[in-house]
There are 2 protein chains.
Amino acid sequence: MEGEEQRDGSRGGEAVNGSDSPASLDGIEAILNYEFRDKRLLEEAFTDASYSPENCSSFERLEYVGDSVLNFLITREQYFSNPNLSPGSLTRLRAANVDTEKLARVAITHGFHRYLRHNKADLHQKIEEFGRSIEEYPLHSNGMIKAPKVLADIVESTIGAVFADSNSIDIVWKIFKELMEPLITLKTMKKHPMTELTEMCQKRNLKLEFRDRWQETKEIEVLIEKQLVGKGSYRKKLIAQNRAAKNALDNLDAFFPQFNQPCQPM
Amino acid sequence: MEGEEQRDGSRGGEAVNGSDSPASLDGIEAILNYEFRDKRLLEEAFTDASYSPENCSSFERLEYVGDSVLNFLITREQYFSNPNLSPGSLTRLRAANVDTEKLARVAITHGFHRYLRHNKADLHQKIEEFGRSIEEYPLHSNGMIKAPKVLADIVESTIGAVFADSNSIDIVWKIFKELMEPLITLKTMKKHPMTELTEMCQKRNLKLEFRDRWQETKEIEVLIEKQLVGKGSYRKKLIAQNRAAKNALDNLDAFFPQFNQPCQPM
């Protein structure tokens with residue numbers, strides 16, 4: 001746990017490990033700055049169901065607990081620091097901080113993925129791709145990239161493991177508040193492009209259509225008032241749609257200069 | 001808070017208050033056996049949005065917090081007391097203890113509804129009806145009756161209020177573990193009749209159909225292998241469907257005696 005190499009390897013540095021064999025779990029204790037009483041919890045938190053030697057438990061139970069602990073801790077934090085915020089806005093703010101992408105970023109940033117024990121053929125490549133993609137979006141992509149779910153799972157299972165080991169929400173929060181920085185705030189939270197575009201068009205009474213050209217070109221096209229304003233592609237259709245919406249938002253001023261005017265009553 | 005009348009009125013006794021005007025909130029402190037430092041939280045927890053004199057806040061923010069606190073507390077309790085239970089079973093067990101009906105029962109049992117400030121015309125009648133219906137199902141109806149959501153909301157908002165006032169999950173749990181008794185356990189948890197019937201028919205390879213006669217008779221009929229085996233009615237269609245499934249389950253032995261045999265490989 002105290003080795004220089006583990007500390008170096010676990011924070012900062014390159015985002016994605018080049019090797020497929022997981023590092024010794026001691027390194028995780030250094031990342032967390034927490035020493036487990038029961039090391040089996042730590043082992044469980046980093047074991048995927050695809051990796052099962054010697055009746056080793058996988059992380060799902062701890063992930064289940066960690067999800068609930070994290071949900072509560074973020075709720076508490078945001079409730080007390082936003083005394084006038086509506087429940088709807090609180091819900092969106094919480095979701096932005098506990099969604100798959102946000103947690104997968106936490107995993108990559110702190111090198112959790114190096115410790116994952118799994119036997120999934122293409123996972124290493126997906127993690128590498130995700131590590132590269134997030135460089136384009138410093139805080140959150142808002143649905144423009146696909147995060148490997150297992151990365152979010154091991155952050156939740158580690159939260160669950162620290163909680164099960166310490167039985168203290170205060171210890172969990174002390175550790176994970178720091179690891180999750182920067183938390184997304186009201187000021188930094190953005191809408192998904194799909195949501196933003198849909199709301200804009202509704203407000204301005206403009207007809208919005210998504211043309212599905214997935215079969216032919218793997219593209220989704222955005223038409224506003226029958227004009228082609230944006231398009232997007234990705235290997236997941238929902239993300240392609242979101243990228244098309246983002247592209248349309250970027251092009252909107254050129255096509256519809258009146259978009260920048262205040263909304264007129266209809 | 002110490003008055004004999006409030007204590008008598010708040011526990012046991014008749015389930016539903018005959019009057020529409022809410023009782024003094026001091027009574028709630030007696031039910032909870034907890035004295036609020038900030039009485040405004042207590043007021044907020046029992047104020048519906050339909051009741052808004054003098055800029056009084058309504059319960060939604062506290063309900064949002066209480067939902068998360070309760071989810072965490074039940075998760076913790078069940079995780080530690082069921083060391084080998086799968087996450088899927090843990091999810092179902094938690095859901096059974098925090099769903100609208102379970103929490104609405106808590107509200108009625110302890111008289112929370114007497115303190116609700118609202119201006120909803122038909123709420124009193126719905127609460128009375130619910131109070132009568134639960135007598136038929138001592139623990140949980142599993143989807144056979146409709147619970148007024150506001151009753152569950154005020155249990156969550158009260159949990160949120162105690163948490164916001166005390167900032168202690170241990171105080172919340174000490175109070176609400178008792179108020180929520182009997183908690184539903186693995187032994188006492190039952191499936192919804194719809195789920196049970198569907199699974200039974202799938203296992204035995206029997207053709208199951210629901211015939212929608214809502215328009216004509218407000219009834220849903222269950223046909224198994226084209227025989228009419230059960231029917232159900234209710235003012236909500238989903239509940240009528242569930243009641244029809246229950247009726248079919250009750251009649252199953254008479255129609256298909258082989259249902260009691262062990263499942264044969266197909």
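Q: Where in chain B is B:Lys226 placed, and why is B:Lys226 called exposed?
A: In this predicted model, B:Lys226 sits in the loop between strand 2 (219–224) and strand 3 (227–233) of chain B. The word exposed is kept for a relative accessible area over 50%, and because B:Lys226 has 67% relative accessibility, B:Lys226 counts as exposed.

Q: What makes the phi of B:Lys226 worth a remark?
A: B:Lys226 has a positive phi of about 65° although it is not a glycine. Most residues other than glycine have a negative phi.

Q: What is the omega of the peptide bond that joins A:Glu181 and A:Pro182, and which bond in chain B is cis?
A: The bond between A:Glu181 and A:Pro182 is cis, with omega about -5°, and the peptide bond from B:Glu181 to B:Pro182 is cis with omega near -5°. Most peptide bonds are trans. A:Pro182 is found in the loop between helix 9 (169–179) and helix 10 (193–204) of chain A, while B:Pro182 has its place in the loop between helix 9 (169–179) and helix 10 (193–204) of chain B.

Q: How do you know that the two chains are related by a two-fold axis?
A: Chain B is superposed on chain A by a rotation of 180° with 0.1 Å of shift along its axis, at an RMSD of 0.1 Å. That is the relation of a two-fold axis. In chain B, the C-alpha nearest the axis belongs to B:Phe72, 3.2 Å from it. The same surface serves both copies, since 100% of the contact residues of chain B recur in chain A.

Q: How many residues meet between the chains, and what area do the chains bury between them?
A: In chain B, 26 residues are in contact with 26 residues of chain A. About 2400 Å² is buried between chain B and chain A, 66% of it on carbon and sulfur atoms. B:Arg61, B:Tyr64 and B:Tyr79 supply 36% of the area that chain B buries against chain A, more than any other three residues. The count of salt bridges between chain B and chain A is zero.

Q: What makes A:Glu129 and A:Arg235 a salt bridge?
A: The closest N and O atoms of A:Glu129 and A:Arg235 are 2.8 Å apart, and the cut-off for a salt bridge is within 4 Å, so the pair qualifies. A:Glu129 lies in helix 7 (residues 123–133) of chain A and A:Arg235 in the loop between strand 3 (227–233) and helix 12 (237–255), so the pair ties together parts that are 106 residues apart in sequence. A:Glu129 is partly exposed at 26% relative accessible area, and A:Arg235 is partly exposed at 46%.

Q: How do you know that B:Arg76 and B:Asp170 form a salt bridge, and why is B:Arg76 called buried or exposed?
A: Their closest N and O atoms are 3.8 Å apart, which is within the 4 Å cut-off. The pair links distant parts of the chain, with B:Arg76 in helix 4 (residues 60–81) and B:Asp170 in helix 9 of chain B, 94 residues apart. The relative accessible area of B:Arg76 is 14%, and because buried means under 20%, B:Arg76 is buried.

Terms used. Residues are numbered from 1 along each chain as its sequence is written. Chains are lettered from A and ligands numbered from 1 in the order in which they are written. This is a predicted model: local features need pLDDT of at least 70, side-chain atom pairs count only at pLDDT 80 or more; totals for chains, interfaces and linings use all residues. Side-chain values use heavy atoms; hydrogens and water are left out. Copies are superposed by least squares on the C-alpha atoms of residues with pLDDT of at least 70 in both. Contact means heavy atoms within 4.5 Å. Buried area is the accessible area (1.4 Å probe) that two parts lose on being put together, summed over both. A salt bridge is a side-chain nitrogen of Lys or Arg within 4 Å of a carboxyl oxygen of Asp or Glu. Helices (H or I, at least four residues) and strands (E, at least two) are DSSP runs, numbered from the N terminus. Buried means under 20% relative accessible area, exposed over 50%, partly exposed in between (1.4 Å probe, protein chains only).
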